[in-house]
Amino acid sequence: MKKLTIFLLLMCFCATSQAQTSRRVIEKTANEAISQIALTGHTPKDELIDKLAADADVSIDMLSRMGDPDDARQAKACVRLIDDITAYSLTANGQRYVNLVRNGLKKAIDRSDSLEARLHYLDQLKKVAKPADAQHIAMYLSDPDMAAAAFAAALCAAGVLGVPLRALERGSGAVLRR
């Protein structure tokens, strides 16, 4: 029994250390891509974008909080890299990462303090949104600054007008009556 317990603890430790390594690798890859954008202005290589897209739910959230606020080039590079990851997920090679991108963009919107950044991430979410996202997007209708963009994103999320309108009515009927 002791051996089994020790074995299970070691397995948990290994899994935890692998998760931390993964975050470090993502951060290193993101820094490399941000430097490439900030210094050259070129889109990073597909290999870098693919690595970041493979863990997009973590990398997009991380990128949304990266960047020195005093360095405009670096901050713009972070936003542009998120745009590049979103665009990559719409290609044939990146299609398998769309769900991760959607989750990362939702986290970035929820955790961002800047209205401009939140609106930009919502616009990116609109490009990859699915009907299941309409309910999450509906919660942004209560924010007067985001209501119009959230309504447009929710309509795009469903593709069919009936689905998001039902979700929006449950989420915030007052906005729809205006």
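Me: Let's start with Ser64. Is Ser64 buried or exposed?
Reply: Ser64 counts as buried, because its relative accessibility is 18% and the cut-off for buried is under 20%. Keep in mind that this is a predicted model.

Me: Which helix is Ser64 found in?
Reply: Ser64 sits in helix α3, which covers residues 56–65.

Me: What does the side chain of Ser64 reach?
Reply: The side chain of Ser64 reaches the backbone oxygen of Asp61, at 2.7 Å.

Me: And which residues is Ser64 in contact with, leaving aside neighbours within four places in sequence?
Reply: Those are Ile82, Ala108 and Tyr121.

Me: How many residues of α3 are buried?
Reply: Seven of the ten are buried, so α3 is largely enclosed by the rest of the structure. The buried ones are Ala56, Ser59, Ile60, Asp61, Met62, Leu63 and Ser64.

Me: What comes just after α3?
Reply: Gly67 does, and this residue takes a positive phi of about 100 degrees.

Me: Ok, zoom out. How many helices and strands does the protein have?
Reply: It has ten helices and zero strands. Read along the sequence, the pattern is α-α-α-α-α-α-α-α-α-α.

Me: What share of the protein's residues count as buried?
Reply: Of the 178 residues, 39% count as buried.

Me: New topic, α6. How many residues does α6 have?
Reply: Helix α6 has 14 residues, 115–128. From first C-alpha to last, α6 reaches 20 Å, close to the 20 Å expected at 1.5 Å a residue.

Me: Which residues of α6 are buried?
Reply: Ala117, Arg118, Tyr121, Leu122, Gln124, Leu125 and Val128 are buried. They cover an arc of only 160 degrees around the axis, which puts them on the same side of α6.

Me: What caps the N-terminal end of α6?
Reply: Ser114 does. One of its side-chain oxygens lies 3.4 Å from the backbone nitrogen of Glu116.

Me: How do α4 and α6 pack?
Reply: Two numbers describe a pair of packed helices: the angle between their axes and the distance between the axes. Here the angle is about 10 degrees, and the axes of α4 (residues 72–89) and α6 are 10 Å apart. That makes α4 roughly parallel to α6.

Me: Which residues meet there?
Reply: From α4, they are Val79, Ile82, Asp83, Thr86 and Ser89. From α6, they are His120, Tyr121, Gln124 and Val128.

Me: Tell me about Ser89. Is Ser89 buried or exposed?
Reply: Ser89 is buried, with a relative accessible area of 0%. A polar atom of the Ser89 side chain lies 2.7 Å from the backbone oxygen of Thr86.

Me: What does Ser89 touch, not counting residues up to four places away?
Reply: Ser89 touches Gly94, Gln95, Tyr97, Val98, Val101 and Val128.

Me: Now α2. Which residues of α2 are buried?
Reply: In α2 (residues 46–54), they are Leu48, Ile49, Leu52 and Ala53. They cover an arc of only 130 degrees around the axis, which puts them on the same side of α2.

Me: What's on the other side of α2?
Reply: Asp46, Glu47 and Lys51 are there, and they are exposed.

Me: Where is Ala149 found?
Reply: Ala149 is in helix α8, residues 147–158. With a relative accessible area of 29%, Ala149 is partly exposed.

Me: What does Ala149 touch, skipping residues up to four places away in sequence?
Reply: Ala149 touches Leu119 and Leu122. Ala149 and Leu119 are 30 residues apart in sequence, and their C-alpha atoms are 7.1 Å apart in space.

Me: Last one. Where is Pro131?
Reply: Pro131 is in the loop between α6 and α7 (134–138). Pro131 counts as partly exposed, at 43% relative accessibility. Along the chain, Pro131 and Ala154 are 23 residues apart, and 8.2 Å separates their C-alpha atoms.

Definitions and conventions: Residues are numbered from 1 along each chain as its sequence is written. This is a predicted model: local features need pLDDT of at least 70, side-chain atom pairs count only at pLDDT 80 or more; totals for chains, interfaces and linings use all residues. Side-chain values use heavy atoms; hydrogens and water are left out. Helices (H or I, at least four residues) and strands (E, at least two) are DSSP runs, numbered from the N terminus. The expected span of a helix is 1.5 Å times one less than its number of residues. Buried means under 20% relative accessible area, exposed over 50%, partly exposed in between (1.4 Å probe, protein chains only). The arc is that of the directions from the helix axis to the C-beta atoms. A polar contact is a pair of N or O atoms within 3.5 Å; within protein, one must be able to donate a hydrogen and the other to accept it, and residues adjacent in sequence count only if both atoms are side-chain atoms. Axes are lines fitted to C-alpha atoms, for helices over the stretch in contact, and angles run from 0 to 180 degrees between N-to-C directions. Angles under 35 degrees count as roughly parallel, over 145 as roughly antiparallel, 65 to 115 as roughly perpendicular and the rest as oblique. Contact means heavy atoms within 4.5 Å.
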